[in-house]
Structure formats: C-alpha cells, structure tokens
Amino acid sequence: MGRNDRKRRTPLATKAIAASAALVLGGGGLLWAQMNASAHESNSSGQNQTKAAAASVATIACPDVGQQLTNVPQKARQGVATELANLDKQITEAYARLASTRQAQANDASFVQNAIVGPLKEKRAATIDRIRIDIQRVGGSVNAAALKQLAACTTQTANNTTAGGQNNGGGNNNGGQNNNNGGQNNGNTAAPSASASASAPAANNGGQAGNGPTAADFVDITKVAPNVQAKPQKQAQASRGSFTTRCGVNANKNHNTDNVIVAPGVTNGAHHEHDYVGNQKVNAFSTNDSLLAAPSSCQNQSDLSAYYWPVVRVQDGSQEFDANALGGGKEGNVGKILTPQSAQIKYVGSPASKVVAMPQFLRIITGDAKTLTNGLANANAHWSCTGFENKVQLTEQYPICPQGSNVVRTFAFQSCWDGVNIDSANHRTHVAFADPASGVCGNGFKAIPQLTMRLVYKITPPTIQNGVVKNAYAVDGFPEQLHKASTDHDDFISVTKNNLAAKIANCINTGKKC
C-alpha cells in the first residue's frame, strides 16, 4: 500500500482518514483499516453528543469499505462490486432522510441515532456480511471481526465538514504539486441550507439543494499565496516527448450516472453525472469487447479510450434534464451543467526514465470522490484560473477568478504501473504516483505515459454576501460529500487499436510532440 501513498499527509489529513492500527490478513491478502469514530464529528452511540448536535448534523460519514479491499479474488469481484454499490445507495438514502427531517431532529435529540444512523448500521452490517460470504465462497480469507467494524457510521456537524481538517493551509502534495491553499479556512462559515424550512434548524450545508457548496468552499485566487512546487529535474534517460489526443468537449452531451470501473452492472453506480469523451458507448454494462466496437469522439479513430469526469454545474436555479432523476436533482446535483470551453488530453513522459506502453484495458481512477469520509490521502484535485496555473493550485477550495480569467481543473494521473494488472480490487494498488521529488517509480513499478487533462470553464465569478455564496458552482458528487472541491476525480480506461499504445510510448520516448 505504501507505494501508492506518495502524498505528504498533513496532521489534519492523517486525522481525517483515521489512521489507526491496520490489520494485514493472511490468506486472502486483505488490508482493513479500522476507521476511528473520533476522526469525525461524534460517537454516534453517545446520547449526550447526539443531543448537543441534533440540530446541526450536516452529513453522515461511513467507512469506505471498497478502499480497504486490496486483493479480492477475481471470481468474487463482481459480487463484491455489486454489494459495494448497495452500500453507496444506503448512504445516499440515509443522507436524504437526514436532510428531510430537520424538524424531527429539533424535536427529538435521539432522532438521528434512532431513525437514521442506527438503521443504517444494520443495513450495512447485512451487506458487509454478504461481501464476506462472496469472498469466502471462492476461497478468499477475511477477518470477520474487522470487517464487521466497518458497519458503523458517524455524523458530522456543519462546522466540521472539511475533507482534511478545518484549516486548508497544510501542504498536500498531489502529483508533484504542492497544494497549500494559502492558509484559507475551509470549515467554519457555512451558509444556511437552502432546503431547510423557516421553522426547522438549518444544517448549514449551503447550496441550491442544501448539500453544498458553502461560502467557505470558495477563495479569491488573487489572495492565495503561490504554492506550486517546481517539477523534478529531467534526468539523462528522461522521456521528453508528448502525445495529444483531440476528443472534443462533450458538446453532444453524452452523460450518465454510471461508473463501469467501480460499479460494473449497476445503474446509477456513481450517483452523479459524468461527461464522456473518447469512447461513446460507456455505461455500467460496458465490456472490453463492447468498448472495442464503439465509436469514438477522438480525431484519431484508433483512440477508443474512455475519458470521463464529473460534470461541473452552476447553481443558478436551472432545471436540467436530470432535475427529477437519480444522480441528478434527486441526489442533490442541481443547476446548469457546463460544457468545458476546451478539454486538452495529453500523455507526457517520465523525468527519470523511458516509458512502456499502456496495457490494453488498463483502468485508472485519480482523485477520490469521498474525501469528506476518507480524508485527503488520495485527493488529486487541482483547481485554478487561467493566468494563475503556474502559481496557485487548489485542492480544498474552488477559485473565484478575476475579470477575464476562466476556471481551470486539471488532472495528472498515476504514471507508474505494476507491470501485471489492468485493475485492482480497490482500483488503486495496481498503479501509483512517481516520487514527487525525483519522478522515479518505486517498488518494481514501471513508468507509463502519464495521462494529463486540462478542462477550462467560463464561469461568472461567485460572490459572497453576508456569509452566503451566490452563483455558486460545484463539481457533481455523492450527496453526502457536500460538493467539496477536494472530491474532484477523473476516470480512464485505455482502449486502443492499430498499435496506438506503442506509438504513444515511442513518440514520448523519442522526444517528439505528436
């Protein structure tokens, strides 16, 4: 696992991911990290804490079971993926109940525990036990006691809902960039909930749908100190070329709320909308064969790769096509979906070595859609403005750009591959980031072309009045994650034909710009 955690964790981020003692299990090779309830707002079984926080519970935080599974037997993966999707569905349903029962919470200090958190634990326990059965049925090994501990969820209050702690000034090293956001505070000035009634207590979650973003999730980029670190120096064996593939901006509005990587066969497995460019037939039921047979939006028709990311919306009151649909308005993803002005997709080389071609059907997820639960260990969000990209990159806040400047979100994917697997049980351990100082891949990993994306959006700058953000924009996400900027992520499946993968590697290794 250490090879994939190359980011320097701040003490607050370490706290947020609850780095308690981990158990490495024999036989099945599963790693379970026990989540520490104190890393979140409260011990959900404590009546006194529940009473004190009843009117201000903002969201629900549950251990991310999928991220603890590092070696599920192949025969069990489909069944496990289906059950993991059931866990996500249970959380979104519990959050919806939390958001719709504010008056009941005000009247009964034990309501959240008795009516929401307690029943959710029971549902999760049954689902997690089915995961255990799926793994053991095919000969895998699990620690049933450790697994059972992942069922309980906690609650978070409105003033403690930041992804990695309340202060955003720690250096979070993402892909060689230091995302110290200038010490801006990201957790204490939440705006009133738009969905709360006048008589019910607001959860202070902000946003058009009452689940974010808040005023504290935005920062004037001109007031943030420069935080971008220098890139590693290129060594003698560096692969200096690049390969750009032009696949459009999803002007044809190819959207869905599936995620075939993490929830294959499950409709609405992502619980938020994605933009798709490249492969045009990506959904929960896609197979390697169907991806190979699909059309592509790329100019180079040998590039059938799937490039997809959560949409960005402006919360302007617009009723989008999905306003009454799961993954859209029904799950707190509201407002006008923005099409990027430009979408640059480029593969670049390693500063330390030559690269090997990407294997066919390699799957990579960069970033983490659940940083509010998991902390910043796998966060890889980069938000900036045109004219500021070389000076300021933000992870935990959205930028307010000056006049004439546009919002930019960039992604730099993992560039080291284990040389064997095209995916892993938790979709992370088969790839890793290079060392941010040297650019070297560790632990026997091989350098592959690094996929980078740069998306530019024309957005009217939000304004903050009396602690409330107006004209807010946000990335789509799981409803209980409150649309935090740090939850931004990107997904990729490498699908090529006519030897394109080898051509990309050769172009990069020979120093060409293709």
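Select Cys416 and Cys441: a disulfide joins them, S to S 2.0 Å. The model is predicted. Color the pair by secondary structure. Cys416 lies in strand S19 (residues 416–417). Cys441 sits in the loop between strand S20 (431–432) and strand S21 (446–447).

Next, select Cys385 and Cys401. Their sulfur atoms are 2.0 Å apart, forming a disulfide. Here the S-S torsion is about -85°, so the bond is left-handed. Look for Cys385 in strand S16 (residues 382–385), and for Cys401 in the loop between strand S17 (398–400) and strand S18 (407–412). Both Cys385 and Cys401 are buried.

Now go to Cys247 and Cys298, another disulfide with sulfur atoms 2.0 Å apart. Its torsion is about 90°, so it is right-handed. Cys247 is in the loop between strand S8 (242–245) and strand S9 (255–256). Cys298 is in the loop between helix H7 (288–293) and strand S11 (306–310). Both Cys247 and Cys298 are buried.

Zoom out. The whole structure holds five disulfides. Counting bonded cysteines along the chain, the pattern is 1-2, 3-4, 5-6, 7-8, 9-10.

Move to the largest nonpolar core, which has 60 residues. Select Tyr307, Tyr347, Trp383 and Tyr473, the members that touch the most others. Then show helix H9 (residues 500–509), which gives the core its largest share, five residues. Center on Tyr473. Its contacts include Phe218, Trp383, Tyr398 and Ile459.

Select Asn374 in helix H8 (residues 371–374). Is Asn374 buried or exposed? At a relative accessible area of 11%, Asn374 is buried. Its side chain has a polar contact with the side chain of Asp64, at 2.9 Å. A second polar contact, at 3.0 Å, runs to the side chain of Asp368. Show Ala61 too: Asn374 and Ala61 are 313 residues apart in sequence, yet 8.8 Å apart in space, C-alpha to C-alpha.

Finish on helix H5 (residues 111–137). H5 has 27 residues and reaches 38 Å from first C-alpha to last, close to the expected 39 Å. Find the bend of about 30° at Val117; Pro119 follows within four residues. After the helix comes Gly139, with a positive phi near 95°. Within H5, pick Arg132. Arg132 is buried, because its relative accessible area is 19% and the cut-off is under 20%. Its side chain makes a 2.6 Å polar contact with that of Gln136. Arg132 also touches Val142, Ala144 and Leu147.

Terms used. Residues are numbered from 1 along each chain as its sequence is written. This is a predicted model: local features need pLDDT of at least 70, side-chain atom pairs count only at pLDDT 80 or more; totals for chains, interfaces and linings use all residues. Side-chain values use heavy atoms; hydrogens and water are left out. Helices (H or I, at least four residues) and strands (E, at least two) are DSSP runs, numbered from the N terminus. Buried means under 20% relative accessible area, exposed over 50%, partly exposed in between (1.4 Å probe, protein chains only). A polar contact is a pair of N or O atoms within 3.5 Å; within protein, one must be able to donate a hydrogen and the other to accept it, and residues adjacent in sequence count only if both atoms are side-chain atoms. Contact means heavy atoms within 4.5 Å. The expected span of a helix is 1.5 Å times one less than its number of residues. The bend at a residue is the angle between axes fitted to the seven residues ending there and the seven starting there. A nonpolar core is a set of buried Ala, Val, Leu, Ile, Met, Phe, Trp, Tyr and Cys residues joined through side-chain atoms within 4.5 Å. A disulfide is a pair of cysteine sulfur atoms within 2.5 Å. Lists of a residue's contacts leave out its neighbours within four places in sequence.
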